Every structure is written in C-alpha cells, then in structure tokens.
Amino acid sequence: MEPTQQQREQLRQLPSMTNLLDDAIVKSWLDEHPRSLVVGALDRAIGTARRSVIDSGKSADLAAIIDDARTILQLRAATSMRKVINATGVVLHTGLGRAPLSDAAIRAVTECASGYCNLEFDLDSGARGRRVDHVADLLAELTGAEAATVVNNNAAATLMILNTAAAGRGVIVSRGELVEIGGSYRLPDMMRASGAQLCEVGTTNRTRIADYEKAIDENTAALMRVHTSNYRVVGFTQAVGIEELVELGRKHNLPVIDDLGSGALFDLSSIGMGEEPSVRASIDAGADLVCFSGDKILGGPQAGIIVGRKEWIDRIECNPLMRTYRVGKMTLAALEATLQSYRDASHATATIPSLAMMSASLDSLKTKAETLHQLLVEKLPSEDFQVAKATSAVGGGSYPGRELETYCVTWQPKNITIDETLKQLRTGTPAIVARAQRERILFDVRTIIDADQIPLIDRIAELRTDL
Ligand SMILES: *Cc1c(COP(=O)(O)O)cnc(C)c1O
C-alpha cells in the first residue's frame with residue numbers, strides 16, 4: 001500500500017542518521033563502542049521507526065529512536081562471558097569457573113594485564129628471564145619440594161610428567177585409581193596420549209604392594225599413584241600408601257609419581273576439612289613428582305602445578321611439549337598472589353574465597369541466611385521465603401561424599417513454575433544459578449559473595465515485578 005500524504009510527511013520528519021550521530025548521547029556511545037556497531041544500531045532503530053509510520057501511522061521522535069538504538073546496542077555489545085551469582089552452594093563449581101580469586105590475586109592480574117610486566121624479563125640484569133621463576137621458589141618453600149613448574153592445568157601436568165618420564169614405556173597404576181574426572185578426562189586415555197603404556201595392577205577394591213612389585217619388568221618406567229579425588233571405594237578395600245610405593249620405587253630405581261588432583265597446601269583438618277592429602281606429605285614421603293590443580297582446593301587460577309625432584313623438573317622443562325601448555329601472565333600473577341597468602345594458613349583461610357567458604361561456620365551461615373531472608377521479606381512481603389538447613393558440596397571433584405552442613409533461603413514463587421523461575425534467574429542480569437528441592441528454590445548462602453547479596457535481592461524483586 002502506498003503511504004498517504006500524511007505518512008510521507010511523517011517519514012520526512014524522522015531524524016536522519018546525520019542528525020542522530022550529531023546528538024550528544026550518541027556521541028558518548030562512540031567513546032565506548034566501535035562506530036560500525038553504533039551506526040548499525042541506529043540504522044535498525046530508524047528502520048523500526050519507518051515501519052511503524054507505514055504500518056500504523058505512529059511517528060517516533062529523536063529521543064524514542066535513541067532509546068531504541070540504546071537497547072539494540074546493549075544487546076549487541078553484551079559479552080558471552082558474564083558474571084554469575086553462585087547460589088548452588090557448590091564451592092568449586094567447574095561449570096561456574098571453579099575458584100573465585102582473592103582480592104590480592106585480582107589486583108595482581110589487573111596490574112600485570114593492564115600494561116606490561118616482567119613476565120620473562122629479569123629486571124636486575126635486564127636479561128631474558130623465565131616465566132615460572134615468579135612462582136617456583138614459592139612453591140618449593142610451601143611444599144618442601146626441591147623444584148617446581150607450572151602448566152595450563154592438572155591434566156597437562158599429568159601428561160607432561162608421563163611423556164617426560166615414561167614415553168614408550170610402562171607406568172604401573174592400581175586398578176582402583178583409574179579415575180575419570182568430569183568433562184572427558186580419563187587417566188587411561190591420558191596415559192595413551194602421553195605415549196606411556198598403562199600397566200594396571202590389583203583389583204578395583206584391593207591392591208597390595210606385592211601387585212606392583214610383580215608387575216615391574218625392564219619396560220617399567222615409573223610407579224604412579226592417583227588420588228581418587230572424586231569418588232570413594234568403601235568396604236573391603238586396601239590401597240598402597242605413598243610411603244610404601246616410594247620404598248618400592250627406590251628399591252627398583254623407579255620414579256614415583258603422585259597425581260593428587262586437588263592438593264592441599266596445609267593440613268585442612270585445621271579448618272574442619274580433613275581427608276585431603278597434602279602436597280607436603282607426599283613430598284616428605286619421597287614422591288619424585290607430585291601434581292595438582294591451581295583452581296581446586298588451592299583456590300587460585302586454572303593451572304597445573306608440578307613439584308618434586310630438581311632433576312625431574314629440569315627434564316620436564318626441557319620437553320618441547322612444555323611450550324604447548326605454558327601459562328600466561330594473568331595466570332602467573334594470580335597464582336603468585338594466591339600462593340603468597342599460604343605463607344600463613346590462617347591468612348589463606350581468611351583471604352582466599354573458596355577456603356573461606358569451605359570453612360565457614362554453621363553459625364555464620366545461619367546469620368547470613370537470616371539476613372538475606374529478612375531483606376527479601378522486607379522487599380517482597382507477599383512472597384513465601386523461609387530459612388532452612390541443607391547440605392552443600394565442595395565440588396570440583398574434591399571431597400567425594402563429603403557434605404557440608406549449610407543454611408539456605410528457600411523460595412516458593414507464586415504463579416510461576418520452579419523450572420521457569422530458575423530459567424529466568426539464569427538468563428537475567430546478573431545471572432543467578434540456584435537449585436530446586438521439593439518444589440522450592442534454594443539459595444545456599446555459602447557461595448553467595450557478600451557484595452552480591454543486594455544485586456541478588458534486586459534481581460529477585462525485578463523478576464517478581466516483571467510477572
Ligand atoms: C581434577 C583432576 C585432574 C584434572 O585436573 P584439571 O586441573 O581439571 O585439568 C587430574 N587428576 C585428578 C586426580 C584430578 O582430581
């Protein structure tokens with residue numbers, strides 16, 4: 001249909017691209033966004049305004065078009081990686097990025113990433129330095145090891161160790177320790193990829209030192225223990241301790257590898273979290289190479305840490321594959337700052353968020369839940385919120401079967417299903433991930449960072465008013 005005389009006049013009156021780009025608000029957008037993105041958003045908004053004139057005779061003014069363009073711009077400029085409020089209670093949630101960093105680690109990353117840094121540069125001599133030197137001494141100090149190095153993650157650490165120590169030869173591992181970690185990590189597959197040959201001994205539930213000894217032959221390159229970090233075999237069981245394995249290794253002149261998965265840097269039973277083998281205990285027992293993740297119990301950035309005998313660490317660092325797993329400046333900055341907190345166990349517990357969350361007392365969690373509950377009730381008096389005791393998990397393949405007592409605020413939203421509410425919470429801003437139990441949504445306060453409490457409440461209130 002041809003536009004009427006009046007519509008033609010309305011179309012002529014619409015602001016042009018030049019008018020819009022002259023506007024002070026639009027100009028300010030150009031400071032933050034690429035011009036093409038701004039022009040694209042304005043173009044879409046003008047198009048919508050024209051269609052509205054033609055379809056319904058409704059005209060839009062400059063302010064309305066700018067408003068529309070702003071919404072389009074915000075949508076297109078939004079990043080895929082976003083902040084999430086973790087209300088699941090799972091402290092080391094792999095899907096949510098495992099450990100939140102300490103303030104010191106965040107400062108270190110910001111400082112090193114916002115400009116240049118001495119990543120591989122010795123400021124004393126002005127000569128080229130080595131990137132892992134920023135953390136190697138600290139790791140040796142904290143674990144009692146002779147030497148240390150760092151790679152991309154613990155999977156890479158395992159692969160580097162196996163490739164360096166055992167490519168083309170056999171590595172003896174107990175059948176009770178052939179672990180699969182979430183996200184397609186399986187030890188036998190990793191072993192094959194490294195070029196080493198897996199030599200399984202014992203049974204799923206019982207393996208003795210004699211089983212290892214019988215399997216040793218001229219092809220054997222190493223003995224390996226793998227911490228069964230994400231499951232537990234209970235009942236009629238027997239496993240060989242690291243001391244015994246080291247004794248056997250010494251006798252046959254074979255290195256002993258200990259994959260701890262999530263190594264603890266101090267005895268966590270002091271914060272009510274026992275059972276996790278410490279890296280120092282493994283080194284003290286005489287293990288030649290010990291590896292663990294940077295973002296599990298340690299509470300730092302994603303990294304794979306290898307500590308042990310200097311001759312082995314040197315050989316690993318000479319392996320050409322090392323370059324493929326090297327870590328960047330942001331990782332090293334965060335790792336160094338995190339490790340520094342460990343010089344004092346109580347300082348680590350107070351400043352590393354995941355350790356603080358794991359060791360939070362039930363009393364403090366109850367108080368936190370009661371505060372959140374009260375604020376929610378004040379804001380949304382007609383909604384059904386309650387405080388309830390529940391259990392949370394450590395996660396990240398750590399502390400299997402270990403449940404931590406916790407407090408939650410639970411919610412039964414009116415006139416909307418639980419699944420729909422959870423979806424709205426996930427897809428809003430800020431994104432909130434929670435879980436459901438018995439027709440109620442649970443917000444586990446253990447993993448809700450203090451600064452996120454008000455944004456969480458505001459988002460729940462906003463969701464209610466949207467309905
Ligand atoms: C978690 C884990 C790994 C993998 O570590 P990432 O840092 O996730 O690569 C390997 N081995 C064990 C025993 C683990 O617990």
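**Exercise 1.** Describe how helix H8 and helix H9 cross, and which residues make the contact.

Solution. Step 1: the axes of H8 (residues 154–166) and H9 (residues 187–194) come within 9 Å and cross at roughly 50°. Axes are lines fitted to C-alpha atoms, for helices over the stretch in contact, and angles run from 0 to 180 degrees between N-to-C directions. Helices are DSSP runs (H or I, at least four residues), numbered from the N terminus. The model is a predicted one, in which local features need pLDDT of at least 70, side-chain atom pairs count only at pLDDT 80 or more, and totals for chains, interfaces and linings use all residues. Residues are numbered from 1 along each chain as its sequence is written, and side-chain values use heavy atoms, with hydrogens and water left out.

Step 1: the angle makes H8 oblique to H9. Angles under 35 degrees count as roughly parallel, over 145 as roughly antiparallel, 65 to 115 as roughly perpendicular and the rest as oblique.

Step 2: in contact (heavy atoms within 4.5 Å), Ala155, Thr158, Leu159, Leu162 and Asn163 of H8 meet Leu187, Met190, Met191, Ala193 and Ser194 of H9. By class, this contact has seven nonpolar, three polar and no charged residues. Ala, Val, Leu, Ile, Met, Phe, Trp, Tyr, Cys and Pro count as nonpolar, Asp, Glu, Lys and Arg as charged, and the others, Gly among them, as polar.

**Exercise 2.** State how H1 is oriented relative to H4.

Solution. Step 1: H1 (residues 5–13) and H4 (residues 35–56) pack at an angle of about 165°, with axes 10 Å apart. Step 2: that makes H1 roughly antiparallel to H4. Step 3: Gln7, Gln10 and Leu11 in H1 meet Arg50, Val53 and Ile54 in H4. By class, the H1 contact with H4 has three nonpolar, two polar and one charged residues.

**Exercise 3.** Find the residues that come nearest to the ligand.

Solution. Step 1: of the 13 residues around the ligand (a heavy atom within 4 Å), Ala155, Ser229, Asp259, Ser293 and Lys296 come nearest. Step 2: a polar side-chain atom of Asp259 lies 2.9 Å from a ligand nitrogen atom. Step 3: a polar side-chain atom of Ser293 lies 2.6 Å from an oxygen atom of the ligand.

Note on methods: Helix = DSSP H or I, 4+ residues; strand = E, 2+ residues; numbered from the N terminus. Polar contact = N/O pair within 3.5 Å; in protein donor to acceptor, adjacent residues only side chain to side chain.
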